[in-house]
Amino acid sequence: MIPPRSSFNLASLDAWTPEQRESFYESVDDSDYSLGDWISAIGVFEAWMEEKGEARRPWAEMAGYIHCCTFLSSPGVALGKLEVIVYKSLTEFGFDFLSESQS
């Protein structure tokens, strides 16, 4: 399965605040996934948000969601593709930010 992707790339991080970038890089460093894996996962997340008709991009919350997804791989098992894990999580469980902000 190849999840849909947006045009998000490393240069897209320039639009984030310095605090958002620092927090993002710390999350990447704390995970077993590469920066490229995280960028791809954000691209998938952003495409999913576009599919839902959501124009807002709560970057900190999105990065937090991806960070949680990094824990879904079983210890001792080869890492799954982060973008696939994120897409499956979004399609199965959704993103609470959307439902909370619409209440």
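Biologist: Are α3 and α4 roughly parallel or roughly perpendicular to each other?

Modeller: A general idea comes first. Two packed helices are described by the angle between their axes and by the distance between those axes. Axes are lines fitted to C-alpha atoms, for helices over the stretch in contact, and the angles run from 0 to 180 degrees between N-to-C directions. Angles under 35 degrees count as roughly parallel, over 145 as roughly antiparallel, 65 to 115 as roughly perpendicular, and the rest as oblique. The axes of α3 and α4 come within 10 Å and cross at roughly 105 degrees. The two helices are therefore roughly perpendicular to each other. Y65, I66 and C69 of α3 make the contact (heavy atoms within 4.5 Å) with L82, I85, V86, S89, L90 and F93 of α4.

Biologist: What kind of model is this?

Modeller: This is a predicted model, in which local features need pLDDT of at least 70 and side-chain atom pairs count only at pLDDT 80 or more, while totals for chains, interfaces and linings use all residues. Residues are numbered from 1 along each chain as its sequence is written, and side-chain values use heavy atoms, with hydrogens and water left out.

Biologist: How many helices and strands does the protein have?

Modeller: Helices (H or I, at least four residues) and strands (E, at least two) are DSSP runs, numbered from the N terminus. The protein has five helices and zero strands, so the order from the N terminus on reads α-α-α-α-α.

Biologist: At which angle do the axes of α1 and α3 cross?

Modeller: The axes of α1 and α3 cross at roughly 5 degrees and come within 10 Å. That pair is therefore roughly parallel. Q20, F24, S27 and D30 in α1 meet W59, A60, A63 and H67 in α3.

Biologist: What span should helix α4 have?

Modeller: The expected span of a helix is 1.5 Å times one less than its number of residues. Helix α4 (residues 82-93) has 12 residues and should span 16 Å; its end C-alpha atoms are 16 Å apart, which agrees. The 17 residues of α2 reach 24 Å from first C-alpha to last, close to the 24 Å expected. Just after α2, G53 takes a positive phi of about 75 degrees. Just after α4, G94 also has a positive phi of about 75 degrees.

Biologist: Which residues of α4 are buried?

Modeller: Buried means under 20% relative accessible area, exposed over 50%, and partly exposed in between (1.4 Å probe, protein chains only). In α4 the buried residues are L82, E83, V84, I85, V86, Y87, S89 and L90. What covers them includes α2 (35-51) and α3 (59-69). In α2, the buried residues are W38, I39, A41, I42, G43, V44, F45, E46, A47, W48 and M49. Of the 103 residues of the protein, 42% count as buried.

Biologist: Which residues of the largest nonpolar core touch the most other members?

Modeller: In soluble globular proteins, nonpolar side chains tend to be buried together. A nonpolar core is a set of buried Ala, Val, Leu, Ile, Met, Phe, Trp, Tyr and Cys residues joined through side-chain atoms within 4.5 Å. The largest one here has 26 residues, and F24, F45, I66, L82, V86 and F95 touch the most other members. The elements giving two or more residues to this core are α1 (18-30), α2, α3 and α4. Helix α2 gives the most, with eight residues. Leaving aside neighbours within four places in sequence, V86 is in contact with A41, F45, Y65, I66 and C69.

Biologist: Is L35 buried or partly exposed?

Modeller: L35 is partly exposed, with a relative accessible area of 29%. This residue is in helix α2. Apart from neighbours within four places in sequence, L35 is in contact with L10, F24, Y25 and V28.

Biologist: Where is S73 found?

Modeller: S73 is in the loop between α3 and α4. S73 is buried, at 19% relative accessible area. Beyond neighbours within four places in sequence, S73 is in contact with Y33, L79, G80 and I85.

Biologist: How many disulfides does the count come to?

Modeller: A disulfide is a pair of cysteine sulfur atoms within 2.5 Å. By this rule the count is zero. The sulfur of C68 is 7.1 Å from the closest cysteine sulfur, in C69, which is too far for a bond. C69 counts as buried, at 3% relative accessibility.
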